[in-house]
Amino acid sequence: MKINDYQNAIEQFTPDSALRNRIAEAVLSDARHVHSRGLARIAAGAAVTLLLAAASTGVVMAASPELRAAVLSFLHISEAEDVPGPNGSLNGTPDVSDAVIGEAVKAQYIQLDGTFNMTQDGLLCQTQLDPHSGAAMPAGFWRIENGRAIQADILVNKAEVNLESGGAFYWYESNGGIQVLDPSPELASVTAVPGGPDVIIEQETGGYSKYYLYNIKTGKTRDLFADVESIGKIKRAAFNSDMTVALVNCGEWYYVDITKGTASTLKELTGIGDFSTANLLPDGVVQLIKRTDAPGLGAGYVDCWMYDPAAGRSVKVLDSVREFNEFNEPGPYGVVILGEYCIDVNGDGCVCVLNLRTGTSVPVNGFTYDPEATMIVSPAGDKILYAAFDDSGMMFVTRLGVINLSEGRAIEFDRAKPAELFELKLNWLDNDRVAISGTSLDNLDHEVTSLYIYEF
């Protein structure tokens, strides 16, 4: 089952409203960390200096022979993971167990009654819906130490936001930063700004979004784009890591200097007007992508540019390269863009990982690209997570792997599905660990949530 089919199925699944709310609630705390074919957050990298040209067999890399000769070692673990099923005998505290898969991947299994999150600072947080606001409300915290769950005493605060349609969320301070739980339905998202007392609040109205900077200490709210005159209604906005610039889609794409309150179209900055989409990398570099359709079932072609605002120039890094499609003839081949990285599959099925910033092209011998798999780049940008799913109506990750670019290796393993497990979300927990969340739907009066954590 393709991920789009799964998402459509979720929208059509209509159990009672309480169950639907429990399924919809995030098990991984950051709402941005849902599994997706879209671009993942990528760490800042080297300056863009590479020009890639199209060739009949794939992509020609302007890199040194030594870089092109590098090969990642690949290990498929023959032992399938026996995934633990839901435990219906829990007593209100987390059940924690550990395993090692094929002597190569550490696994940790955590189960708890009801709904719980693993927050970005590594705490387990059991949640329930606030009956007044609908926000995720903490019911208990635990730390995992030496394979045991230790209860943690955390001071939690509730913020009630005075916006057009109100809204509320719970938050707490940890390690000098702010941790935010899932907000009430009036707020599309709430994201903590690193190192400060501010959060970014997104509120959707009529298919458009507004973005506010909210200070949790003072309760003051500021419309981030109120003083930017040239932009219209916002469809989507993305911010760099220090919140100084934003990329805004209003039908037209704008590069906004938040500190100065100025906006320029990407067309006037780059001289490139005919592109399909744009993405902002955390260091402020903008990626522009143009897709050209091809007749028949085969995929079309893709062009890609990197625009560096600091240097004031754009560089074309992909030039009319065939985009991957399982219907490509005579066999599936082409590229899959993952932000700064690109998966290149040639006509023989051989896979290389391309770095569009630095020019490195690294083959992954023995690895088979699954066109229906999800691929996500790690927060530090040096690893690629991939996951394949089963074809049943209940989502389950059947194959899980990580390509480690810095260490030159790739590991994957198969997973055996237990009965009555429905997996909800998949993503990086941090730069070394992958998390999958799931729930049991066999007994609606005693729901058990599971969190499966893998360290590669």
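A cavity here is a set of points, on a 1 Å grid over the protein atoms alone, where a 1.4 Å probe fits but cannot get out, and its volume is the space filled by probe spheres set on those points, which are joined across faces, edges and corners. By this search, the whole structure holds two cavities of 30 Å³ or more. The model is predicted, so that local features need pLDDT of at least 70 and side-chain atom pairs count only at pLDDT 80 or more, while totals for chains, interfaces and linings use all residues. Residues are numbered from 1 along each chain as its sequence is written, and side-chain values use heavy atoms, with hydrogens and water left out.

The second largest cavity contains about 40 Å³ of space, and its lining (residues with an atom within 4 Å of a point) is made up of Lys-383, Val-402, Asn-404, Arg-409, Ala-410, Ile-411 and Phe-456. Strands (DSSP runs of E, at least two residues, numbered from the N terminus) that give two or more residues to this lining are S31 (397-404) and S32 (409-416), with S32 giving the most, three residues.

The lining divides by residue class as follows, where Gly would count as polar.

| Class | Lining residues of the second largest cavity |
|---|---|
| Nonpolar (Ala, Val, Leu, Ile, Met, Phe, Trp, Tyr, Cys, Pro) | four residues |
| Polar (the others) | one residue |

Across the chain, buried residues (under 20% relative accessible area, 1.4 Å probe, protein chains only) make up 52% of the 456 residues.

Notes:
1 Å grid on protein atoms, 1.4 Å probe; cavity = no way out; pocket = protein on both sides within 12 Å on 5 of 7 lines; lining within 4 Å. Helix = DSSP H or I, 4+ residues; strand = E, 2+ residues; numbered from the N terminus. Buried < 20%, exposed > 50% of the residue type's maximum accessible area, 1.4 Å probe, protein only.
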